[in-house]
Amino acid sequence: LRKAVEYNGLRARVVRSVEDGQRYVVRMEETGRELKLLAENLDAVPPPGLAIGQRVRVRGLLRKVKFNGLCGSVIGADWNDEERVIVGLDVGGELKIKASNIDLVGEDTLSEFEPGRRIRLKGLKNKEHLNGQLGTVQYKETIVEGEERLVVLLDSSEEIKVKKEMCDALPTGNGLLAPFKRVRLHSLQKAPHLNSHYGTVKSVEGKDGEKPGRIIVVLDGGFELAVKAGNLDVL
């Protein structure tokens, strides 16, 4: 909003659409005042207690059980169902689910090898070429009673099942920038069309072929790029 800037960022509920089909009547949650606003001035927001960019883990799905245990970030909300949020999964793709089917997680609250933990492979004998590669723990799988394997999605997109002894848990990173941190791009000169876009840090260590000091970011649309830390705002 340009004329009533004091309302920017405040929460409201849609009451009804206006006859012209381009505006909505919304009621401010704090004051109860009603306003007529264009759709372009409104963002669907997650339910109270959740926010865009928060790290979450999927749980309790009955029909799409393969997604249970996966981690991602809240990237939006559902216009048609205020109880649902849109989660951008670390493995790729989006999932529209009820808020009751996600748990909040954070890099600093994950135990050593919980889903979402960044790891480096080591000590593999049958696949020695993978030693040293980085990846993300997706979930734990019990092979036999008392014996677990970690299902890890490598940064190369290969999925592998390994014992936890074959993984080193990575520290949380490079100052404020660390894997899974939500960021906003700014001040890009060669790709100015990407400024103000949001994404998630994939790696603070760069990758082969990239200049040193680059941060690997996966944008919400799935596009991956390497940028300087100075071109990122941590959310």
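This is a predicted model: local features need pLDDT of at least 70, side-chain atom pairs count only at pLDDT 80 or more; totals for chains, interfaces and linings use all residues.
Residues are numbered from 1 along each chain as its sequence is written, and side-chain values use heavy atoms, without hydrogens or water.

The protein has 18 strands and zero helices. Both are DSSP runs numbered from the N terminus: strands (E) have at least two residues, helices (H or I) at least four. Of the 235 residues, 38% are buried. Buried means under 20% relative accessible area, exposed over 50%, and partly exposed in between (1.4 Å probe, protein chains only).

Now find strand β4, residues 55-58. Arg55 and Arg57 are buried on one side, Val56 and Val58 on the other. In a regular strand, side chains alternate between the two faces of the sheet.

What does β4 pair with? Strand β5 (residues 71-78) pairs with β4 in the antiparallel sense, over three bridges. Pairing requires at least two DSSP bridges between two strands. Valine 56 stands opposite glycine 72 of β5. Strand β8 (residues 102-104) also runs antiparallel to β4, joined by three bridges. There, arginine 57 has aspartate 103 as its bridge partner.

Finally, visit threonine 200 in strand β15, residues 198-203. Threonine 200 counts as buried because its relative accessibility is 12%. Beyond its neighbours within four places in sequence, its contacts (heavy atoms within 4.5 Å) include Ser73, Phe180 and Ile216.
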